[in-house]
Amino acid sequence: MRALLRHALTEQGFAVEQADDGVSALEWLEGNDVDVVITDINMPRLDGFGLIERLRAGGRHRDRPILVLTTESSDEKKARARSAGATGWIVKPFDAEKLSAAVRRVAH
Amino acid sequence: MIHVPSHIQTPATMSRATVMQGQAQVSADPNRVLTTILGSCIATCLYDPRMRVGGMNHFLLAEPQNAGKTTVDENYGVYLMEVLVNGMLAHGARKSRMRAHLYGGANLHSGMSRIGTANAGFARQFLQNEGIPIVHMDVGGVQARRVDFRPAHGQARCRAVEDNFIPNQKPMPRPQKAAGDVELF
């Protein structure tokens with residue numbers, strides 16, 4: 001799925017960096033700038049909620065747009081992501097054009 | 001009227017649910033039986049023995065050739081595998097405890113592309129990447145299969161069936177309520 005996501009976004013002109021899980025993402029983001037963070041919820045070591053909370057807690061990505069892209073569709077999890085500081089919520093399966101439009105919208 | 005042979009009838013205490021193409025179902029109900037009929041499609045059955053929960057998916061194709069032009073939807077294993085794993089996690093399962101059964105992937109028509117082989121290869125690779133061991137597998141060949149899986153027990157039964165049992169295997173139209181919609185907070 002990550003490979004498909006990369007392909008869909010690079011075809012739309014975005015430069016994409018990917019991490020295996022929340023901890024790897026945090027480590028990479030400590031030394032790099034991005035315009036948008038896209039995260040899943042179910043990830044090993046540090047899930048999407050934890051990643052959002054850690055990014056919002058301070059540092060260079062405190063105000064960065066964060067989109068959640070997930071198969072989860074429950075209102076409870078969506079509310080939790082919103083409470084943690086997510087910018088938007090996208091339920092898979094993803095539509096490449098809608099996803100790209102959302103990234104452009106929150107990144108400008 | 002469809003006659004169900006006696007050897008595949010469900011006892012009165014069991015509830016049988018059909019996992020249709022494009023679906024994934026997870027259950028911890030000890031009386032539940034998940035069932036499906038496969039041609040070139042694949043059904044993946046996952047089971048967590050500690051939580052006694054299991055699930056099955058049923059996908060038509062492995063992954064789109066061009067994700068930039070195609071919606072990654074319910075027809076594709078790359079989506080339905082993730083749905084199944086996440087459904088298991090939502091029921092308290094751990095990926096490190098999950099065990100897999102893999103069924104289907106037949107090449108029913110000799111003159112056509114070997115979609116079944118590609119589907120089975122994708123599923124095996126996906127499970128390997130996720131570190132989920134395959135404890136039983138019956139894939140390939142030229143015959144349709146019927147799979148019955150008791151998700152709370154991790155028990156599966158796979159039998160060859162006549163090709164005319166297979167439902168029409170075509171990509172499903174997307175539902176009106178399209179997933180992939182974006183909600184900005």
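This report describes the interface between chain A and chain B in a predicted model.

Residues are numbered from 1 along each chain as its sequence is written, and chains are lettered from A in the order in which they are written. Local features need pLDDT of at least 70 and side-chain atom pairs count only at pLDDT 80 or more, whereas totals for chains, interfaces and linings use all residues; side-chain values use heavy atoms, without hydrogens or water.

The size of an interface is often given as the accessible area lost when the parts come together.

| Item | Value |
|---|---|
| Contact residues, chain A | 27 residues |
| Contact residues, chain B | 25 residues |
| Area buried between chain A and chain B | about 2,400 Å² |
| Share of that area from carbon and sulfur atoms | 59% |

Two salt bridges are counted between the chains, a salt bridge being a side-chain nitrogen of Lys or Arg within 4 Å of a carboxyl oxygen of Asp or Glu. A:Lys78 and B:Glu183 form a salt bridge, with their closest N and O atoms 2.7 Å apart. On the side of chain A that touches chain B, the elements giving two or more residues are α1 (2-11), α4 (75-84), β3 (88-91) and α5 (96-107), with helices (H or I, at least four residues) and strands (E, at least two) taken as DSSP runs numbered from the N terminus. The most comes from α5(A), which gives five residues.

Strand β3(A) runs antiparallel to β10 (residues 182-184) of chain B and is joined to that strand by three bridges, where pairing requires that DSSP find at least two bridges between two strands. Within β10(B), B:Leu184 stands opposite A:Gly88.

Key. Contact = heavy atoms within 4.5 Å. Buried area = accessible area lost by both parts, 1.4 Å probe.
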